[in-house]
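Trainee: I would like to learn how to read a model of this kind carefully, feature by feature. Where should we begin?

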Amino acid sequence: MAAESGAGGSAGYIEHHLTNLQVGEGFWTFHVDSLFYSVLLGVLFAGSFYFAARRATAGVPGRWQSFVEMMVDFVNTQVKDAYHGPSKLLAPLALTIFCWVFLMNFMDLVPVDLLPRIGELMGIKYMKVVPSTDLNITFGLSVAVFLLIIVFSIRAKGLGGFGKEIFLKPFGKWLLPFNVTLKVVEELAKPMSLALRLFGNLYAGELIFILIALFTLGNTLTSLVTSAAAFSFLVQFALGLAWALFHILVITLQAFIFMMLTIVYLSMASEEH
Amino acid sequence: MNINATLLGQILVFAALVWFTMKFIWPQVIKAIDQRNKEIADGLEAAARGRSELDAAQDRVEALVGQARGQASRIIDQANGRAARIVEEAREEGERERQRLVGLAHSEIERETSRARDELREQVALLAIAGAEKILQREIDRSAHGEMLERFTSRI
């Protein structure tokens, strides 16, 4: 449990948990921990799904293939319901987003101190294990989606059509600045809301796990014999369990929302308003 | 919690992952699913076709059985009719044979009767002659009285 004996008490403990392992200066700073876990989980997703896809047969599927097919079918249904254009990209994109975001969110259910502690024993001072509590990660996803929105818009309406949509709608040419402002706000709201919603939910969830872990901060195994420490241990266990159970719902829901909104935004982009 | 180059890294990773999924995961899995769906649809269709064929065959079998049953009963009827006719014919034949035999017997009897009568007549004639001889004691000449005797015997 939270046997962290870092300097600075609870405030120090929390701050330590919210600090990324960083490399570089200024803008060219990389959050190594976020990127590491993000890549690791991405590879886990791609590798395990590739394992099923490579030997996918039309015959009786194995369990893993069944699961993969279930996911693919689920995503495919969502995409087909919302998007009517021709796209080889959107469905795999949605699948990737759902699975990857879910896995990144899932790191939130790993005990808050487990991986950082192991890292500390290996000499790594800071470690945030949940990539989706890093704004860079969530914005990385949503900015990519935003770029795709622009690409889809131009592909569906042509450069002229897209320009017309920016400059001349909804008020016609005499209110051109308003049109542009409105459009920019409207479009920017999409990646902002995508990234901030995911980040906010996961950051808050992570923070609550950290706060729950505070109950036994500073306790050692031997001090558990005192009734007060044992009581705080029980409280931490109960709260942690409750929050984790609730969080299973949150992480799945957030992954689903991110995927769904991506599909909706991209299908909106490829239709005339 | 500031935005930095991690974002760029994440975008690159994301792009690579999406590309990988699009290239190596999605098409294969979708292909397998579609193919299986098609196979299942084909199987269901084949099952339906088999069922309807079975129904048709059963209908045909029933028709054949009915036909055969009708034929059999017709044959039996025919056989019965023929048997009755044969029996009838046999009876008539028997009747004819009986009548013929009876007729034969009658004529035989008649012939026997007339023969017996002739014989009797001759015997009676002889007796009469013998009697007359006895009575007349040689007075009767057989050749002289032959005509009278003949008349006498023919009246018997």
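Mentor: Let us begin with burial: a residue is called buried if 20 or more other C-beta atoms lie within 10 Å of its own, exposed if 12 or fewer do, and partly exposed in between, the C-beta atoms being placed from the backbone. Helices (H or I, at least four residues) and strands (E, at least two) are DSSP runs, numbered from the N terminus. This is a predicted model, in which local features need pLDDT of at least 70 and side-chain atom pairs count only at pLDDT 80 or more, while totals for chains, interfaces and linings use all residues. Residues are numbered from 1 along each chain as its sequence is written, and chains are lettered from A and ligands numbered from 1 in the order in which they are written.

Trainee: Which residues of helix 2 of chain A are buried?

Mentor: The buried residues of helix 2 are Asp33(A), Ser34(A), Leu35(A), Tyr37(A), Ser38(A), Leu41(A), Gly42(A), Phe45(A), Ala46(A), Phe49(A), Ala52(A) and Ala53(A). As background, an α-helix has 3.6 residues a turn, so residues three or four places apart point the same way. Two residues are in contact if their C-beta atoms, placed from the backbone, lie within 7 Å. The buried residues of helix 2 of chain A pack against strand 2, helix 3 (63-82), helix 4 (90-106) and helix 6 (135-167) of chain A, together with helix 1 (6-136) of chain B.

Trainee: What span is expected for helix 2 of chain A, and what does the model give?

Mentor: The expected span of a helix is 1.5 Å times one less than its number of residues. Helix 2 (residues 32-54) of chain A has 23 residues and reaches 31 Å from its first C-alpha to its last, which is close to the 33 Å expected. For helix 4 of chain A, the 17 residues should span 24 Å, and the end C-alpha atoms are 24 Å apart, which agrees. Helix 4 of chain A is also largely enclosed by the rest of the structure, because 16 of its 17 residues are buried.

Trainee: How many residues does the largest nonpolar core have, and which have the most contacts inside it?

Mentor: A nonpolar core is a set of buried Ala, Val, Leu, Ile, Met, Phe, Trp, Tyr and Cys residues joined through C-beta atoms within 7 Å. The largest one has 63 residues, and those with the most contacts inside it are Ala94(A), Ile97(A), Phe98(A), Trp100(A), Val101(A) and Val29(B). The largest share of this core, 13 residues, comes from helix 4 of chain A. A second, separate core of seven residues includes Val112(A), Phe209(A), Ile212(A) and Ala213(A). As for Val29(B), and not counting residues up to four places away in sequence, this residue touches Ala53(A), Ala56(A), Val68(A), Glu69(A) and Val72(A).

Trainee: How many residues of chain B are in contact with chain A?

Mentor: There are 28 residues of chain B in contact with 40 residues of chain A. The side of chain B that touches chain A divides into 19 nonpolar, seven polar and two charged residues, where Ala, Val, Leu, Ile, Met, Phe, Trp, Tyr, Cys and Pro count as nonpolar, Asp, Glu, Lys and Arg as charged, and the others, Gly among them, as polar.

Trainee: Is Gln65(A) buried or exposed?

Mentor: Gln65(A), which lies in helix 3 of chain A, counts as buried because it has 20 C-beta neighbours inside 10 Å. Leaving aside its neighbours within four places in sequence, Gln65(A) is in contact with Ala52(A) and Ala56(A). Ala72(B), in helix 1 of chain B, is exposed, with 10 other C-beta atoms within 10 Å.

Trainee: In what sense do strand 1 and strand 2 of chain A pair?

Mentor: Two strands pair if DSSP finds at least two bridges between them. Strand 1 (residues 22-25) and strand 2 (residues 28-31) of chain A pair in the antiparallel sense over four bridges, with Gln22(A) opposite His31(A) and Glu25(A) opposite Trp28(A). The hairpin has two residues between the strands, and Gly26(A) takes a positive phi near 60 degrees there.

Trainee: Where in chain A does pLDDT stay under 50?

Mentor: On this scale, pLDDT is the predictor's confidence in each residue, from 0 to 100. It stays under 50 over residues 1-7 of chain A, whereas chain A averages 87, with 94% of the residues scoring at least 70. Chain B averages a pLDDT of 89, and the predictor gives the complex an ipTM of 0.86 and a pTM of 0.75.
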